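Me: I am new to this structure and would like to learn how to read its features one at a time. Could you take me through them slowly?

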Amino acid sequence: MELILSGDTISAQDALAMGLVNKVVPEASLSEEVNGFINKFKKLSGVVLKLTKEATLAGLNDDLDQGLKAIEKIYLEQLMKTYDAMEGLNAFCEKRKPTWKDN
């Protein structure tokens, strides 16, 4: 909040120490690092990632009970109705890699 309100700038190392960034890399390897980071997510279901993000943000609600209810609602009413949710469960049970359709 202090940084937002003051407009102060900080170094990449300070941002790392504060937990504002996950990693600091040299500029020369930035593109390679970004591609490596993104490739982890390319292997996953887009719809599941979207709903996971939505549930995580809903769970940040100040009230624990409300947050859990919001997460449960997203899980039951949205996520579990997707092809990819069932495909992920089936692939896990069948010990194979899932084939995502992003729906």
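**Reading the model, feature by feature**

Reply: Let us begin with accessibility, where Lys95 counts as exposed because its relative accessibility is 77%, a value over the 50% cut-off for that class. Keep in mind throughout that this is a predicted model.

Me: Where does Lys95 lie, and what is the phi of Lys95 near?

Reply: Lys95 is found in the segment after α6, and its phi is near 55°, which is a positive value in a residue other than glycine. Asp102 also has its place in the segment after α6, and the phi of Asp102 is likewise positive, near 55°, in a residue that is not glycine. As for accessibility, Asp102 counts as partly exposed, at 47%.

Me: How should I read the length of a helix, and how many residues does α4 have?

Reply: The general idea is to compare the span of the helix with the one expected at 1.5 Å a residue, counting one residue less than the helix holds. Helix α4, residues 46–59, has 14 residues, and the distance from its first C-alpha to its last is 20 Å, close to the expected 20 Å. For α5, which also has 14 residues, the reach from first C-alpha to last is 20 Å, again close to the 20 Å expected.

Me: Which residues of α4 are buried, and which are exposed?

Reply: Buried means under 20% relative accessible area, and in α4 this applies to Val47, Leu51 and Ala55. Seen down the axis of α4, the buried residues fall within an arc of 65°, so they line one face of the helix. On the other side of α4, Lys50, Lys53 and Leu57 are exposed.

Me: What covers the buried residues of α4?

Reply: The cover includes α5, residues 64–77, and α6, residues 83–93. At the start of α5, a side-chain oxygen of Asp63 comes to within 3.3 Å of the backbone nitrogen of Asp65.

Me: Where does Thr82 lie, and is Thr82 buried or exposed?

Reply: Thr82 belongs to the loop between α5 and α6, and it is buried, with a relative accessible area of 9%. When residues up to four places away in sequence are not counted, Thr82 touches Val47, Leu51 and Asn103, and two names in that list, Val47 and Leu51, are also among the buried residues of α4. The side chain of Thr82 also reaches the backbone nitrogen of Ala85, at 3.1 Å.

Me: What does Met80 touch, leaving out residues up to four places away in sequence?

Reply: With that exclusion, Met80 touches Tyr75, Ala85, Met86 and Leu89. Met80 sits in the loop between α5 and α6 and is partly exposed, with a relative accessible area of 24%.

Me: How many aromatic pairs does a search of the whole structure find, and what sits over the ring of Tyr83?

Reply: In general, a pair of aromatic rings is described by the distance of the centres and the angle of the planes. A search of the whole structure finds 1 aromatic pair. Over the ring of Tyr83 sits the charged end of Lys101, 4.7 Å from the centre of that ring.

Methods: Residues numbered from 1 in each chain as written. Predicted model: local features only at pLDDT ≥ 70, side-chain atom pairs only at ≥ 80, totals over all residues. Heavy atoms only, no water. Helix = DSSP H or I, 4+ residues; strand = E, 2+ residues; numbered from the N terminus. Buried < 20%, exposed > 50% of the residue type's maximum accessible area, 1.4 Å probe, protein only. Arc of directions from axis to C-beta. Contact = heavy atoms within 4.5 Å. Polar contact = N/O pair within 3.5 Å; in protein donor to acceptor, adjacent residues only side chain to side chain. Phe/Tyr/Trp six-rings, centres within 6.5 Å; stacked < 30°, edge-to-face > 60°. Lys NZ or Arg CZ within 6 Å of the ring centre and 35° of its normal.
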